Amino acid sequence: LTFLDTSSVSNMAQMFYGCSSLKSINLTNFNTSSVTNMNYMFYDCILLESIELLNLDISSVINMAHMFHGCISLESINLSYLNASNLLTMNYMFYNCSSLKTVDISYLDVANVTSMDYIFGESNALKFVNLSHMNASSLYYINAIFSGINSLESVDLSYFKASSAYSLTY
């Protein structure tokens, strides 16, 4: 996607929604500096196994709800190095990613995120989640984040800050 000029794009919601044949994508040269909405971006990309996000600028993104929802072939993802300083919602972000085994969002700047409800829900293969060093000081809702997962072996919450959390149900 190096030929595609996205420098003025502000909304990428549902951009690859339902791309049922998409197996891999490299967004390293994608200009997303003006994007504020990425919800449902890869929703139901059922064959997506590999996604390269290195250098992706998500500093203006506010909404990533349902971004990878239903990506049932995705096995691991690392978002730890991305700047998400304006992000507000991550609800259902990895919901029903049934092959997802590892997620690293350890250093992701989520200081303004207010809601992560069901972020990993129904991702039945999930074994390891790294949430360490996350500053989630504005996080208000953290409901059912591991709902329906029987395979979870390790969650790293060391130095995780959620001082404003109101609801931690399910």
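Visitor: Among contacts between residues at least 6 apart in sequence, what percentage join residues at least 24 apart?

Guide: A quick word on the ground rules. This is a predicted model, so local features need pLDDT of at least 70 and side-chain atom pairs count only at pLDDT 80 or more, while totals for chains, interfaces and linings use all residues. Residues are numbered from 1 along each chain as its sequence is written, and side-chain values use heavy atoms, with hydrogens and water left out. Now, a contact means heavy atoms within 4.5 Å. Among the contacts between residues at least 6 apart in sequence, 84% join residues at least 24 apart.

Visitor: How many helices and strands does the protein have?

Guide: Helices (H or I, at least four residues) and strands (E, at least two) are DSSP runs, numbered from the N terminus. Here you get 0 helices and 6 strands, so reading along the sequence gives β-β-β-β-β-β.

Visitor: And what is its radius of gyration?

Guide: That value is taken over C-alpha atoms, and the globule rule to hold it against is 2.2 Å times the number of residues to the power 0.38. For this protein the radius is 15 Å, close to the 15 Å that the rule gives for 170 residues, so it is as compact as a globular protein of that length. Along its principal axes, the C-alpha trace spans about 45 × 30 × 20 Å.

Visitor: What share of the residues is buried?

Guide: Buried means under 20% relative accessible area, exposed means over 50%, and partly exposed is in between (1.4 Å probe, protein chains only). Buried residues make up 46% of the 170 in the protein. For an exposed case, look at S163 in the segment after β6, which has 66% relative accessibility. S163 and L139 are 24 residues apart in sequence, yet their C-alpha atoms are 7.7 Å apart in space.

Visitor: Which residues touch the most other members of the largest nonpolar core?

Guide: A nonpolar core is a set of buried Ala, Val, Leu, Ile, Met, Phe, Trp, Tyr and Cys residues joined through side-chain atoms within 4.5 Å. The largest one here has 49 residues, and F42, F68, I77, M90, F94, I105 and F120 touch the most other members. Take F94: leaving out residues up to four places away in sequence, its contacts include F68, I77, L100, V103 and F120.

Visitor: How many aromatic pairs are there?

Guide: A pair of aromatic rings is described by the distance of the centres and the angle of the planes. Rings of Phe, Tyr and Trp (its six-membered ring) pair if their centres lie within 6.5 Å; planes under 30 degrees apart count as stacked, over 60 as edge-to-face and the rest as tilted. The whole structure has 12 such pairs. One of them is Y92 with Y118, stacked at 5.0 Å centre to centre with 10° between the planes. Y92 sits in the loop between β3 and β4, and Y118 in the loop between β4 and β5, 26 residues apart. Y92 is partly exposed at 25%, and Y118 is partly exposed at 26%. Another pair, Y140 and Y141, is edge-to-face: 4.8 Å centre to centre, 90° between the planes. Ring pairs also link F16, F42, F68, F94, F120 and F146 into a cluster.
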